[in-house]
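User: Hi! Could you walk me through this model? I have a few quick questions.

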Amino acid sequence: MKKIVIVGGGAGGLELATFLGHKLGRKKKAEVILVDRNQTHLWKPLLHEVATGSLDDGVEAVSYRAHARNHGFLFQQGHITGLSRTEKNITLAPITDERGKLLVAERKINYDILVLSIGSKSNDFNTKGVSDHCIFLDSPDQALYFQKRMMQLFLKFSEDNLSADEVVMSDKIQLVEPNKINIAIVGAGATGVELSAELYNAAQYLSGYGFGKIDNSCLKVTLIEAGNKILPALSDRIINSAHKELNALGVDVRINTRIIEATPNSLITHDGEEIKADLMVWAAGIRASDVTKQFDGLEINRINQLQVKDTLQTTLDENIFAIGDCAALLQKDGKPVPPRAQAAHQMASMCGKNILALLEHKPLKAFTYYDHGSLVSLSRFSTVGNLMGNLVRGSMTIEGHIAHFIYVSLYRMHQVALHGCFKTALFMLVGRLNRFIRPLMKLH
């Protein structure tokens with residue numbers, strides 16, 4: 001029996017494992033194994049909501065083991081550290097507990113067909129101090145860490161403003177401004193813009209949960225972009241609309257501002273300005289993990305992405321595929337396929353079909369990326385974006401409730417790919433009920 005190993009359980013990897021589990025695993029035509037370092041899956045575009053507590057990861061996360069059992073594939077927890085194309089196996093790092101004790105020794109997993117879907121992470125461009133002092137939002141653990149720090153800052157703020165006579169101990173959290181919480185976000189792409197809006201949404205909700213009187217004036221979010229505009233992938237009309245909405249919330253948007261250094265409580269710009277902050281997030285640019293350099297000579301580009309052919313097979317090995325953010329593929333217009341969830345979804349679909357064709361000795365089809373547009377959610381305040389490709393003729397700018405409905409629908413499409421229409425409808429019903437049963441924010 002052929003063994004198909006998929007490394008990385010992000011949007012593309014988990015959808016592919018589910019598809020192949022249905023087509024091959026359940027029918028005992030092949031053994032399908034998904035490998036991921038985490039135990040649960042969370043749709044990456046939702047991480048900014050996890051970071052602010054607007055979304056409870058415990059409710060939305062998918063257990064890899066339970067999902068594998070229900071959909072005909074196997075799951076192994078682990079982090080890939082190497083690849084041998086001659087022996088056709090991958091190496092997984094040992095797993096230890098929080099005390100450093102060994103739980104699972106280093107392992108090797110053999111494969112006949114390998115799919116690499118290890119995603120991407122933020123690119124700090126080797127900027128001094130960023131890795132030490134800034135938070136990245138590349139994983140649920142990082143998002144939860146941000147939420148913990150954010151809640152500590154709001155608690156400190158409410159405590160300081162509860163009693164003006166209170167003596168502040170030196171070992172407590174110190175705010176850079178006593179009467180304001182300062183949060184700086186570097187990178188004004190979708191993540192940076194959406195996080196900025198969600199922070200003001202969180203501030204308004206927290207005032208009703210015992211944190212004292214908190215409003216927009218208590219929070220200062222500085223959004224920093226090295227380029228000459230926010231949301232560079234969108235049209236000028238959308239950019240202007242989003243910019244106006246951010247300014248109305250109180251976001252200090254800085255364009256043409258390049259960060260050259262991060263310190264414990266500030267960011268230093270290229271012209272020497274110091275931007276003070278209690279919490280700093282780096283959301284500028286992406287790159288694939290350095291581990292791709294250990295993949296037995298497979299071709300990679302300057303940001304460590306794996307070079308693939310239009311069939312999504314790596315350029316040097318037809319038995320190894322790469323999909324999602326870790327794959328580098330040029331479109332017909334010479335532009336790379338963008339690192340978006342919709343691209344990972346489309347790649348997973350084509351990769352699954354090509355793997356079936358490869359097993360049946362049929363010709364493989366070329367992947368074509370269809371850009372269905374971009375949508376950016378400014379929390380409950382607004383949603384903006386454009387639709388294009390085969391959804392509408394040309395390009396159509398949308399805002400407000402229609403845009404928000406389509407934005408949410410993108411996540412529902414991902415759920416349908418994983419669970420089917422009936423279960424997704426049940427998830428939607430449970431989500432409605434939770435609005436009445438659970439707090440509006442995750443507070444712990």
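User: Let's start with the helices: is the crossing of α1 and α9 left-handed or right-handed?

Analyst: Right-handed, for the crossing of α1 and α9 (left-handed if the near helix is turned anticlockwise from the far one by less than a right angle, right-handed if clockwise). Helices (H or I, at least four residues) and strands (E, at least two) are DSSP runs, numbered from the N terminus. Before we go on, this is a predicted model, where local features need pLDDT of at least 70, side-chain atom pairs count only at pLDDT 80 or more, and totals for chains, interfaces and linings use all residues. Residues are numbered from 1 along each chain as its sequence is written, and side-chain values use heavy atoms, with hydrogens and water left out.

User: Thanks! At what angle do α1 and α9 pack?

Analyst: About 35°, with the axes of α1 (residues 11–25) and α9 (residues 341–359) 8 Å apart. Axes are lines fitted to C-alpha atoms, for helices over the stretch in contact, and angles run from 0 to 180 degrees between N-to-C directions.

User: And which residues of α1 meet α9?

Analyst: Among them are Leu16, Phe19 and Leu20 in α1, and the α9 side includes Ala348, Ile355 and Leu356. Contact here means heavy atoms within 4.5 Å.

User: New topic. Is α7 mostly covered or mostly open?

Analyst: Mostly covered: 13 of the 17 residues of α7 are buried (buried is under 20% relative accessible area, exposed over 50%, partly exposed in between, with a 1.4 Å probe and protein chains only).

User: Over to the strands, then. How many bridges join β16 to β17?

Analyst: There are 4, and β16 (residues 259–263) and β17 run antiparallel. Two strands pair if DSSP finds at least two bridges between them. The two form a hairpin with 2 residues between them, and Ala262 has Leu267 as its bridge partner in β17.

User: What does β17 do on its other pairing, with β18?

Analyst: β17 and β18 (residues 274–276) are antiparallel too, joined by 3 bridges. Ile268 stands opposite Glu274 in β18. That hairpin has 4 residues between the strands, and Gly272 takes a positive phi near 90° there.

User: Which way do the β17 side chains point?

Analyst: Ser266 and Ile268 point one way, Leu267 and Thr269 the other, and all are buried. In a regular strand, side chains alternate between the two faces of the sheet.

User: Last one: which residue other than glycine has a phi near 50°?

Analyst: Asp296, and that phi is positive. Asp296 sits in the loop between β20 (286–287) and β21 (306–307). Asp296 counts as partly exposed because its relative accessibility is 33%.
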